[in-house]
Structures are given as structure tokens and as C-alpha cells.
Amino acid sequence: MAIWKRKITVDDNEVTSAVHLTLRQSLVPNFLVTILFFLWGFAYGLLDVLNPHFQETLNITPSRSSGLSAAYFGAYFLCPPTISGYILRKWGFRVTFMTGLCILAIGCLMMWPSGVKHSFGGFCGSMFIVGAGLSTLETAADPFLSICGPPRYSEIRLNLAQAVQAVGSFVAPLLASRVFFADTVNTDEGLKNVQWTYLGVAGFVALLIVLFFVAPMPEITDADMGTQELEIAEFDPGPFKKQINLFLAVWSQFCYVGAQVAVANYFVNFCKEAGTTAAKGSDIFAAAQGLYAFNRFLAGGLMTIKAIKPRYVLALYLCMCFVFVLAASQTTGNASIGLLCMVLCWESACFATIFTLGLRGLGRHTKTGGSLIVAAISGGAVFPPMAGAVATHLQKRNSKKAFHTCMLIPMGGFIAAWIYPLYVNIWNKEVMDVRRETKVGVEPVVSDKEHALEAMDSHVAGQKDNVATVEETKT
């Protein structure tokens with residue numbers, strides 16, 4: 001059969017062999033999807049560095065520059081629960097990946113005319129389309145990694161993939177400070193370098209579209225997930241409206257991502273306020289992102305230890321985010337910068353762990369639940385404008401700690417997000433732990449045919465023993 005005529009979709013109500021995917025079988029598809037994580041890590045890291053440079057190059061206020069984040073993360077609010085989620089449920093993971101990549105390529109190409117016209121509105125529009133593409137990719141990628149392979153390793157898989165994303169976020173600000181805005185800081189030439197970068201990303205994305213079309217990839221259906229839940233705990237999740245664990249995870253993800261993005265958006269401004277230059281602030285931010293990436297790998301490794309449960313990790317890491325961002329906002333100079341770097345370090349495992357714990361026990365609702373948790377990333381469109389508004393207001397009043405004080409906004413986000421780890425560690429810990437300890441996908445599955453053969457062999461062996469016993473009696 002010609003490659004363009006092969007079937008690349010599957011009915012979502014059909015139970016496939018993916019329900020028993022082993023670790024070895026899931027390696028190649030998970031590796032391909034992990035490439036995407038680097039891609040949007042790079043785009044997100046570049047966004048954080050563009051913010052302060054646009055403030056000077058295009059002569060806009062901190063609150064207005066947050067429009068980039070609002071456009072990027074606003075797409076996450078619109079796409080996953082609507083068109084992206086529909087594509088995922090209707091045509092599956094592969095088609096969703098390819099659709100997201102197509103939209104992303106269009107958004108990257110639109111960066112060129114926006115740079116030529118020096119249009120901040122154009123950049124915001126382009127960033128919205130980039131966000132639409134990436135949110136569509138993430139609607140498929142995060143659930144795919146969570147469920148592609150043995151369920152007990154879901155947190156580890158997603159944390160390691162998110163670590164690769166963090167490497168992209170580390171490379172982007174480093175590239176920006178060393179190449180884009182090195183000798184051309186806040187000039188037209190710097191923006192032109194950004195245009196060429198996005199053009200290169202568009203070309204790379206086009207190659208990925210072809211790769212995802214031809215590469216072997218299992219389609220995991222909602223029927224598969226329902227069957228898996230029955231095998232793990234003989235559990236039926238019930239109607240969607242009763243998924244309290246999911247809804248609390250969505251709330252926590254919304255608040256956490258909003259707080260994370262607010263910290264990242266104004267990190268360079270924070271460093272300048274503490275006494276460094278914009279270029280040095282970008283370097284420090286890159287170093288903090290490197291620490292963030294390293295700690296994601298570390299968290300993924302720690303979760304392989306049976307005693308270190310993901311729900312413990314989430315509670316500790318979110319608590320430390322609150323502690324360090326509060327300390328950073330109340331100090332000055334290099335000490336405050338160091339404390340803010342520690343916030344990024346403790347943020348590392350939060351997103352992936354909230355996501356995977358939120359999908360635990362959803363069964364046939366897994367794809368819908370995943371879409372909602374991805375939509376919660378839109379918190380990044382809410383908290384940065386709030387923090388930017390506080391900073392702009394304090395600047396007008398000639399405050400010398402405008403960006404230090406605005407860090408109290410993400411602090412509130414971390415507090416609100418801590419509701420979910422509290423819930424899974426006190427009221428829902430049994431559901432979390434059963435799926436953490438399951439051996440589905442780890443031990444070989446015995447089919448009905450094999451069961452029948454074993455029963456037949458046992459029956460034949462029993463008959464032989466009976467015959468032998470009779471003969472001994474006669475003797």
C-alpha cells in the first residue's frame with residue numbers, strides 16, 4: 001500500500017493493543033514527541049527575553065509588553081477545550097500533532113512582516129498563532145506521554161520530557177543575549193535576528209510534519225484507557241462531572257503556570273532593578289533555566305525510587321516556590337536575584353506532576369481531561385498582566401522596588417495552587433498510590449487463549465496423575 005494511502009487514524013471507541021504497551025514499545029514514539037517539548041521550550045524561553053527588549057525598542061510600558069504573554073497564553077485558553085481537543089478525540093494523536101505543527105509554522109512565518117513593520121500588535125498576533133500551534137501540540141503531547149507506556153512511570157516520562165523542554169528554555173535566552181542582542185542590544189538589527197530565527201524554526205517544523213506522518217506511532221484511545229482502569233483497580237470513573245481530582249488539578253495548573261510565567265516575564269527587569277544590566281540579567285536567567293532543567297532531570301530520577309511518591313514531590317516543590325519568591329521580594333541586590341533563581345529551581349517538577357496526577361483514574365475521560373489541564377496553561381495570560389500593572393503603577397510613583405513588589409502576585413498563585421497537592425496527599429492518596437504501584441505494562445499479559453491452554457495443560461496433567469494413582473493402587 002502506498003504510504004499516503006495508509007490509515008493514520010483509529011476509532012476512539014476501539015480497544016487497541018496500546019492498552020498494554022511495554023516500556024520498550026513506548027520508547028520510540030515517546031522520543032519523537034519529546035522533540036516537540038524542546039521546540040516549545042525554545043519558543044517560551046525566547047518570549048521571556050523578548051519582553052524587556054520590546055519595552056525599550058518599541059517604547060512600551062511593562063504592563064503593555066505583557067500583551068505578548070497574554071496573546072501566547074490566551075491561545076491556550078481557546079484552543080485545547082475546543083478545536084484542538086475535538087481534533088484529538090475525532091482523529092487521534094498523530095493528526096493533532098501534524099495540525100499543531102502546521103499552525104506553528106504559520107505563526108513563525110508571520111513574525112517576519114511584524115518585524116519589518118515594527119508592529120507590536122503584529123508581534124502579539126503572530127505570538128497568538130504560535131501559541132495556538134503549540135497549545136494544539138501540547139493538547140496531544142502531554143496526555144500522550146502520560147499514557148504511552150506503563151502507567152506507573154507516567155510522572156517520570158513527562159518530567160523527563162519537560163526537562164528537555166527546559167533545555168530549550170535554557171538555550172533560548174542564552175542565544176538571545178549572546179547573538180540576537182549582543183552587540184545590537186535594543187536595536188532594529190536585534191529584531192531582524194529574531195525574525196531569521198523564527199524563519200528557521202518554521203523550516204524545522206515543516207520537516208517535523210513529514211516525520212510525524214511517516215513515523216510509527218501507536219494510537220491510544222479512550223476505550224484503551226477505560227480498559228486499563230478496569231485492569232488496574234476494577235474502577236469505573238463515573239460521569240465526567242464527578243471528576244473532582246481533575247478539576248482541582250486544572251485549578252492548580254492555572255494558578256501555578258500563571259505564577260511561573262509572571263516570574264519569568266519580569267526576571268530580567270527584576271535583575272536590572274537589583275543592579276545588573278539587561279544583558280547580564282539575560283545571562284542569569286539562562287543560568288536559572290539551566291538549574292531548572294537540571295532539577296527536572298533530578299526529580300524524574302528521584303521518582304524512580306519507590307518511597308519518593310510524586311504527590312510528596314509536588315507538595316514540597318510548590319511550597320518551596322512560595323517560600324523563595326516571598327524571600328526574593330523582600331530582599332535587595334544579588335541576594336534577591338539568587339533567591340529568585342531558586343524559585344525557578346523549585347518550579348521544575350510542578351507542571352508535569354500536576355498533569356499526570358490530574359489524569360489518574362480518568363479512564364475514558366482521559367483525552368477530555370488532558371485538554372482541560374492544557375487549557376489551564378492560560379493562567380500565563382492572567383498573572384503577568386496583573387504583575388505588570390502593579391510594576392507600572394509603582395514606577396509611576398517612583399518606587400525603587402517596583403519589580404520586587406510585583407513578585408507578590410506570583411506568590412499568591414503558588415499559594416492558590418497548593419490546594420491540589422493538599423487534596424492528593426490527604427483525601428485522594430489511595431487512588432494515586434494504586435496507579436503508582438500497578439504492574440500493567442510492566443509484567444507480560446496472559447491472553448485468553450494462553451489462559452485456555454494453561455487450563456487444558458493443567459487438566460491433562462491432573463488426568464495423568466489420576467491414572468498413575470490408580471495403577472499404583474492396583475499394584
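This is a predicted model: local features need pLDDT of at least 70, side-chain atom pairs count only at pLDDT 80 or more; totals for chains, interfaces and linings use all residues.
1. Met386 is located in helix 17, where helices (H or I, at least four residues) and strands (E, at least two) are DSSP runs numbered from the N terminus. With a relative accessibility of 40%, Met386 counts as partly exposed; buried means under 20% relative accessible area, exposed means over 50%, and partly exposed lies in between, for a 1.4 Å probe and protein chains only. Met386 and Ile409 are 23 residues apart in sequence, and their C-alpha atoms are 7.2 Å apart in space.

2. Residues are numbered from 1 along each chain as its sequence is written, and side-chain values use heavy atoms, with hydrogens and water left out.

3. As to the overall fold, the chain contains 22 helices and zero strands. Of its 475 residues, 56% are buried. Contact means heavy atoms within 4.5 Å. Among contacts between residues at least 6 apart in sequence, 85% join residues at least 24 apart.

4. The largest nonpolar core has 113 residues. Such a core is a set of buried Ala, Val, Leu, Ile, Met, Phe, Trp, Tyr and Cys residues joined through side-chain atoms within 4.5 Å. The residues with the most contacts inside this core are Val33, Phe97, Leu101, Phe212, Tyr256, Phe267 and Leu340. Helix 6 (residues 120-147) supplies the largest share of the core, namely twelve residues.

5. Not counting residues up to four places away in sequence, Tyr256 touches Tyr292, Leu318, Glu347, Cys350, Phe351, Ile354, Gly413, Phe414 and Ala417.

6. Helix 14 (residues 333-347) has 15 residues, which at 1.5 Å a residue should span 21 Å; the expected span is 1.5 Å times one less than the number of residues. The end C-alpha atoms of helix 14 are 22 Å apart, which agrees. The buried residues of helix 14 are Ser336, Ile337, Leu340, Cys341, Val343, Leu344, Cys345, Trp346 and Glu347.

7. The axes of helix 19 (residues 408-417) and helix 20 (residues 419-426) come within 4 Å and cross at roughly 20°. Axes are lines fitted to C-alpha atoms, for helices over the stretch in contact, and angles run from 0 to 180 degrees between N-to-C directions. Helix 19 is therefore roughly parallel to helix 20, since angles under 35 degrees count as roughly parallel, over 145 as roughly antiparallel, 65 to 115 as roughly perpendicular and the rest as oblique. Ile415, Ala416 and Ala417 of helix 19 make the contact with Ile419, Tyr420 and Pro421 of helix 20. By class, this contact has six nonpolar, no polar and no charged residues; Ala, Val, Leu, Ile, Met, Phe, Trp, Tyr, Cys and Pro count as nonpolar, Asp, Glu, Lys and Arg as charged, and the others, Gly among them, as polar.

8. Gly100 lies in helix 5 (residues 93-116) and is buried, with a relative accessible area of 0%. The C-alpha atoms of Gly100 and Ser84 are separated by 8.3 Å, and the two residues are 16 apart along the chain. Leaving out residues up to four places away in sequence, Gly100 touches Gly133, Thr136 and Leu137.

9. Thr366 belongs to helix 16 (residues 366-375) and is buried, at a relative accessible area of 2%. Between the C-alpha atoms of Thr366 and Asp224 there are 10.0 Å, although these residues are 142 apart along the chain. Residues up to four places away in sequence aside, Thr366 touches Ile147, Asp222, Met225 and Leu359.

10. Val164, in helix 7 (residues 154-180), is partly exposed, with a relative accessible area of 24%. Val164 and Phe297 are 133 residues apart in sequence and 8.6 Å apart in space, C-alpha to C-alpha. Apart from neighbours within four places in sequence, Val164 is in contact with Thr34, Phe38 and Phe297.

11. Asn398 is placed in the loop between helix 17 (383-396) and helix 18 (402-405). Its phi is near 60°, a positive value in a residue other than glycine. Asn398 is exposed, with a relative accessible area of 65%.
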